[in-house]
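Please read the points below alongside the sequence and the structure.

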Amino acid sequence: MILAPNDVYEKLEFDKIKAILIEKCLGEPGRERIAKIQLHTQKFMIDRLLNEVAQYKTATEENHHFPISAYEDLSEEMRMLEVAGFVMSEAQLKRVADTIRIIYRIFQYFKKDKIELYPTLYDIIRNIHFNEELLYSIDRVVDEDGKIKSDASPELLRIRRLQISKRKELDKLFRALINEYKSKGWLKDTVESFRNGRRVLSAPIENKRKIRGIIHDESATGKTAFIEPEGVIQINNDIFDLENEEKREIYRILRDLTESLQPYLPLIKEYHTIIARYDVIRAKSRLAADLDAVKPTLKSEPFIGIRNGFHPLLFLKNKKEGKTTVPFTLTLLHNNRILVLSGPNAGGKSIALKSLGLMQLMLQAGMLVPVDEGSEMGVFEKLFIDIGDQQSLEDELSTYSSRLRNMKLFLDKADENTLVLIDEFGSGTDPKIGGAIAEAILRELNYRKIFGLITTHYSNLKIFAYKNKGIVNGSMKFDMENLSPTYELTVGKPGSSYAFEIAGKSGLDKKILKYAKHKTGKNEKAIDELIVDLQREKQDLEEKLAKIEAQQEHFDKLVKNYERMNGELEYRRRKLKLDIKQNALQDKAQINKELEKRIREIRQEQNLEKAKAALQTNRTEREDISKEVYNLHEDIYHKPEKNKKDDTPIQVGDFVRFKTGGDIATVETINKKNAIIVIGQLRMTVKLRDLQKAGAPVTAPVKGKINMDTIVTTANFVSKLDLRGMRRDEAIQHVEAFVDEALIANGSRLEIIHGKGDGILRRAVKQKLREYKAVQSIRHGDPQGAGDGVTIVELG
């Protein structure tokens, strides 16, 4: 992301957000990553970072605590492991061991359901292998406290056992000597101590010649001598030798372990990076919890749709002090890309401007932001700001000159992917000239289709915003009764500076105010009032236009529904006529069979001519009915519909509906003259000729009720029936109604849940289903699912 000028982080106080995150990190590598945090401009990258933080926050809220703890920076250890012959110290080994154990716990965390619950967090280690051998080689040598285990080698175990034995022997002998010398009054009240790593007796200086041994030290006062008794000198020597042997053996163990770890150095580096990455996510998550922050809907293009947003730092400050923070709502898009914000000083204009800039930086750094659910925010490639005093003594630039230099930079670099934030636009010079230059710059920025928020007191900018598309006025509400700001942002009308009112409240002499008002004249106030009135009228007209467009859209949907239903009714009328003729044809076929039977009887009676005449009459009638049936069939299934725009063949993926009406379905597969269609959760096989193309599903409220039982049944039919808890007779009634509705709705697969129990309901259901000829198969559910607690029915 391109930022200008160089102090954007400081001006928008993003550096303070980074400082808060650094405090929340558990290790130095995480802090370093925060210090170098990047702002991303690719939607997929920002989306992934936001999902990581959101899922970590959810895990914490659900008490699925992530197993990361304080860890050390291994930069020095990893650098030295590249050096041949390097041997780690116990402290260094402990730091490496702690890192390996943390990464092990993280891999263990993502077992069972955690992968499905937090997939984006798991993606960080999804393609990384945890080496069990690495953990084993460390655990075999080092304990949880970083100490070398006694069984790290047989030699070390032998040495430490001898040390224990010698110390017990020393303790026994030492106590015996203490008791002996103490009974003789040769020792002080504090009978023993340690000097030069040796256990010694504390004796008054006058008794030091009475105790045979080595004098190691005397007290500062010279009144106490510290003596190692002669009887324990050899044991102490043995212990000293064993301690040296222990050090040599530990060094050998550390050398061997260091050599064994060197091949794993790339893996250790990767583990170290992963922990630092999770540390950053944890810090972001803790900040999000403090801010009550959420992930807004992310758009790939520039867009601002903030609902009840807060300035993050102001929210934290007020939360700590028990104060309420006033939120703001702001939408910038299409014809309203730039907000010209006006209002009194100290009314919250600059806070709103900084809030927008800071939240955009946080979002593109992968942080959740303090807005309501449903907020939408886009991605910007550039962020330009002009806030506060830009005076530069080094460059010999005045405040206004410095601001003009910023404006030149903005005009050179700004485009439709730029967010521009300017505070007190045009100030710093003569108001008339400054206002004119500001208007010219605003005109050019608007031409470049930038997004922005600009605060000002200049009336000419308010008027320009009113007259030009792409720019909208806004104001900070002001309590006229108490002459105090409310800090509430209102989009749609400009604000006044309320300078005279505030000056009067501050106690300024009325005579001075009267003179100032006289000098200002009525025009200034009239302009503000005119802008407000015009803005209100414009807003009313836009609302009416939007209402008319919505009504027109609603009317268009009603017309479409009427035309569709009218076509369906006409189709039903013709279909009904076809059914009547087909039934008549079937009746004639039955009569024909009876006549043929009669012919056989007549032949036997030698009345053949009479039989032939009767047969010919029947055939003629049958042919006439067949022609009518054929014509109706062609008219219904093959004759193109009037006003039908799309006569291309139905293909996979098309939206279709039955010619008899009903819900819109999607074609899943086509097999010759049949098709498999999907309506909601229902899948069925139908003939292609019974279908017609339909547009994408539209929903339009229909006020009048249409008496079409089949359409209603089809639309509302659910292919699952739950009988659990019902009596047998009650369940059978529900099954009858359920199957009847399914047949009307052209259902193909039904699911009846009756539970397992003693099987009474299951048997009753199967018995009832066998009464229907349309039932092709009856079977139990999936054994891995509900099993015989559910019956699956296939209809033909």
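1. Ser 719 sits in the loop that runs between α22 (709–716) and β21 (720–722), where helices (H or I, at least four residues) and strands (E, at least two) are DSSP runs numbered from the N terminus. The model is a predicted one, in which local features need pLDDT of at least 70 and side-chain atom pairs count only at pLDDT 80 or more, while totals for chains, interfaces and linings use all residues. Residues are numbered from 1 along each chain as its sequence is written, and side-chain values use heavy atoms, with hydrogens and water left out.

2. Leaving aside residues up to four places away in sequence, Ser 719 touches Leu 682, Phe 738, Arg 749, Leu 750 and Glu 751, a contact being heavy atoms within 4.5 Å. Phe 738 is 19 residues from Ser 719 in sequence, and their C-alpha atoms are 8.5 Å apart.

3. The count of salt bridges comes to 45, each being a side-chain nitrogen of Lys or Arg within 4 Å of a carboxyl oxygen of Asp or Glu. One of them joins Arg 79 to Glu 76, with the closest N and O atoms 2.7 Å apart; these two residues are three apart in helix α5 (residues 75–80), and therefore separated by about one helical turn.

4. Glu 82 and Lys 269 also meet in a salt bridge, at 2.8 Å from N to O. Glu 82 lies in the loop between α5 and α6 (90–109) and Lys 269 in helix α12 (residues 265–291), so the pair ties together parts that are 187 residues apart in sequence.
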